[in-house]
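Subject: Structure for you to look through

Dear colleague,

Please find below the structure I promised to pass on, with the sequence beside it.

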Amino acid sequence: MFLIFSLWAASVNAQTTRPDAEKQLAHDIYKEFIEIQSGFTTGATTPVAEAAAARLKAAGFSDADIFLGGAIPKKGNLVVRYHGTGARKPILLLAHIDVVEAKREDWNMDPFQFIEKDGYFYGRGTGDDKAQAAVWIANLIQYKKEGFKPDRDIIVALTADEEGGGPYNGVDWLLKNHRELIESEFALNEGGWGEESKGKKISNDLQVSEKYVLNFRFEVHNKGGHSSMPVHDNAIYHLAGGLQRLSDFGFPLKTNEVTAAYFSQMSKLDPGPFKEDLAKAATGSQEAMERVAAASPAWNATLRTTCVATMLEGGHAINALPQLAAAMVNCRVLPEDAPEYVQSTLEKVVADDQVAVKNMSNFSKGPASPMRPDVLNAVTDITSSMWPGVATVPIMVMGATDGRYLRSEGIPCYGVQGFFFDRDDIRFHGRDERLGVQSFYEGQAFLYTLVKRLSK
Ligand SMILES: [Zn+2]
């Protein structure tokens with residue numbers, strides 16, 4: 001009995017993590033990346049890119065297959081190509097190597113020291129996004145060691161300026177200046193992760209699409225005058241009326257391919273009283289969608305485009321009628337809603353021609369990635385074989401990743417990691433960022449198998 005049990009335990013262990021030498025390599029690269037300060041304002045990504053390049057060269061990758069460069073000398077990117085037979089178009093594996101700033105005094109330890117403690121790896125970037133960056137490089141080196149011959153090239157891009165540089169560097173820069181380096185059939189990136197609750201794995205999220213951002217300025221101009229002789233036609237009142245009508249308004253509730261699949265999966269996983277409504281929302285029931293949206297700001301934001309006032313300005317003196325009143329309105333738009341639709345809807349809602357609605361965004365629409373069955377099936381199969389009972393849940397995220405640049409240039413992008421985080425204790429961008437030690441190694445094994453399956 002004991003013997004059978006230990007054999008079983010050994011084989012489970014063998015399935016969920018890679019052999020020790022591979023784990024060690026991933027660990028060492030991860031540590032090296034974390035300990036290089038690549039904070040968006042104070043650090044540099046070029047040393048991270050160079051460290052990765054050195055690892056790759058030591059493993060036999062040729063100079064011709066490694067690119068180092070970027071828009072800004074200290075904020076470099078790395079692109080490396082692993083050659084397949086060329087039967088199919090390449091796959092792109094993306095991770096960003098810049099991190100959000102971290103101050104020593106805000107943390108319980110040095111954020112730029114890689115510390116293993118109580119079953120976790122601590123350090124800025126352990127979750128966002130250096131685990132994936134390290135694993136992409138470690139696994140690529142392992143494929144080479146094995147002599148793995150994929151049907152397509154496997155390209156890894158480690159990029160800068162995801163955390164605030166916005167366009168002009170990183171993925172955007174590569175697309176505009178070296179598109180041939182990252183030209184691919186589809187990409188894998190951050191954006192989806194495993195959700196754990198009270199120590200139990202719940203779901204492995206596959207990010208298929210994301211909302212995009214539009215910023216509007218509501219602006220009212222008026223000739224003003226002396227405040228001792230007020231008139232009805234007041235810039236602040238025009239603006240306030242428009243904002244009040246906006247606050248009473250909700251964009252239509254609807255689902256798309258991705259969010260319908262999400263609600264359908266959530267209806268099976270939700271322990272609360274919303275099981276039935278979630279299932280009905282997935283099939284498009286308006287009443288159910290209303291109840292689901294009312295129950296949670298996150299579900300509400302999943303079901304509709306949202307626009308909310310975030311900043312105000314107006315008036316120039318306490319004893320003068322205002323000549324200007326303005327508000328910034330931040331919209332998070334469903335991929336299927338066009339900017340023109342959002343603008344014309346806002347104009348109708350405001351319903352006052354004194355209030356100009358100006359689109360302040362230069363960014364156009366970010367399309368959803370089509371739900372590729374090969375990606376969805378591979379993630380589902382590997383997830384359920386590594387973690388029986390854990391569901392694969394397609395998601396649309398409310399925030400934004402670099403995947404938007406790829407999607408808008410016609411390269412579908414999927415967020416998936418296989419790293420699990422406590423959904424009630426997400427520390428990305430925050431204090432004492434960490435990733436479970438076992439979860440790091442399981443993510444390594446998950447991505448190892450996933451990329452092999454998608455490129456064979
Ligand atoms: Zn990130």
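I begin with helix H15 (residues 437-454), which has 18 residues and reaches 26 Å from its first C-alpha to its last, close to the 26 Å expected at 1.5 Å a residue (the expected span being 1.5 Å times one less than the number of residues). Helices here are DSSP runs of H or I with at least four residues, strands are runs of E with at least two, and both are numbered from the N terminus. H15 is mostly covered, with 14 of its 18 residues buried, where buried means under 20% relative accessible area, exposed over 50%, and partly exposed in between, using a 1.4 Å probe and protein chains only.

Before going on, please note that this is a predicted model, in which local features need pLDDT of at least 70 and side-chain atom pairs count only at pLDDT 80 or more, while totals for chains, interfaces and linings use all residues. Residues are numbered from 1 along each chain as its sequence is written, and side-chain values use heavy atoms, with hydrogens and water left out.

The protein contains 15 helices and 19 strands, and buried residues make up 54% of its 456 residues. It is divided into domain 1 (2-191 + 401-454) and domain 2 (212-359), with bounds that come from an automatic or database domain assignment, and the C-alpha centres of the two lie 37 Å apart.

Asp128 lies in the loop between strand S5 (120-122) and helix H4 (130-146) and Glu190 in the loop between strand S7 (186-189) and strand S8 (194-197), so the pair ties together parts that are 62 residues apart in sequence. Both Asp128 and Glu190 are buried.

Finally, seven of the 10 residues of strand S14 (residues 324-333) are buried, so S14 is largely enclosed by the rest of the structure. Strand S10 (residues 212-221) runs antiparallel to S14 and is joined to it by 10 bridges (strands pair if DSSP finds at least two bridges between them), with Tyr212 standing opposite Val333. Strand S12 (residues 306-314) is also antiparallel to S14, through eight bridges, and there Thr306 has Arg332 as its bridge partner.

With best wishes
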